[in-house]
Amino acid sequence: MVLTPDVVAAVGPDVPVLGAGGIGSGRQIAASLALGAQGVWMGSIWPGTAEYRGMGANTEAGETAFTRATSSDTVRTRVYTGKPARLLKTKWTEAWAEEGAPSPLPMPLQNLLVANAHNRISAANDPDVISMPVGQIVGRMNEVRPVADVMADLVSEFEETVRRLD
């Protein structure tokens with residue numbers, strides 16, 4: 001909400017700007033466009049789709065973790081890759097945050113350090129420990145849905161929002 005108009009003003013009218021961060025609804029797309037963005041970047045909403053799992057990129061544990069999470073069940077940390085990222089809060093992230101835990105290494109060293117652990121965590125298929133990057137929009141991911149349904153809802157809510165603003 002704060003950065004999009006600042007970036008649009010800084011780069012000028014000839015440079016396309018994408019709004020990003022916490023966008024997972026048609027209302028949020030409309031808000032981003034109202035702030036001057038020419039489009040949006042949506043990331044976290046896609047792991048909640050059936051096609052994402054079909055690509056082998058998600059597991060039953062990941063889906064369970066996402067669908068039961070609220071928007072306050074994430075944490076910003078460097079434990080995944082060494083650079084700040086928002087992750088689902090799990091036993092894994094909590095262990096890294098405990099007093100006496102080592103500080104994460106800088107990127108790319110952190111990923112080298114924890115890659116095998118991430119693979120074992122994923123193989124365990126346990127939603128309490130699975131380590132997945134996801135934004136606060138996870139609170140809206142209450143069920144696994146086809147991409148077509150997600151897109152239809154985004155377009156419908158965007159159109160409804162724009163009509164209401166007219």
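In which loop is the place of N125? Select this residue in the predicted model: N125 is found in the loop between α6 and α7. Its phi is near 55°, a positive value in a residue other than glycine.

Select M107 and P108 next. The peptide bond that joins M107 and P108 is cis, with an omega of about 5°. P108 belongs to the loop between α5, residues 91-97, and α6, residues 109-124.

**The whole chain**

Now display the protein chain as a cartoon. Seven helices and four strands make up its secondary structure. Followed from the N terminus, the elements are arranged in the order α-β-α-β-α-α-β-β-α-α-α. Taken along the principal axes, the box filled by the C-alpha atoms is roughly 55 × 35 × 25 Å.

**Helices α2 and α7**

Select residues 26-34, which form helix α2, together with residues 147-165, which form helix α7. Two packed helices are described by the angle between their axes and the distance between the axes. Here the axes of α2 and α7 come within 7 Å and cross at roughly 55°. The crossing in which α2 passes α7 is right-handed.

Show the side chains at this contact. On α2, the residues that make the contact are G26, R27, I29, A30 and L33; on α7, they are L154, E157, F158, T161, V162 and R164. Sorted by class, the contact of α2 with α7 comprises six nonpolar, two polar and three charged residues.

**The largest pocket**

Which residues are the closest to the centre of the largest pocket? Select G21, G22, S44, R86 and G135: of the 17 residues that line the pocket, these are the closest to its centre. Colouring the lining by class shows nine nonpolar, six polar and two charged residues.

Note on methods
Residues are numbered from 1 along each chain as its sequence is written. This is a predicted model: local features need pLDDT of at least 70, side-chain atom pairs count only at pLDDT 80 or more; totals for chains, interfaces and linings use all residues. Side-chain values use heavy atoms; hydrogens and water are left out. Axes are lines fitted to C-alpha atoms, for helices over the stretch in contact, and angles run from 0 to 180 degrees between N-to-C directions. Helices (H or I, at least four residues) and strands (E, at least two) are DSSP runs, numbered from the N terminus. A crossing is left-handed if the near helix is turned anticlockwise from the far one by less than a right angle, and right-handed if clockwise. Contact means heavy atoms within 4.5 Å. Ala, Val, Leu, Ile, Met, Phe, Trp, Tyr, Cys and Pro count as nonpolar, Asp, Glu, Lys and Arg as charged, and the others, Gly among them, as polar. On a 1 Å grid over the protein atoms alone, a cavity is a set of points where a 1.4 Å probe fits but cannot get out, and a pocket is an open set with protein on both sides within 12 Å along at least five of seven lines; lining residues have an atom within 4 Å of a point.
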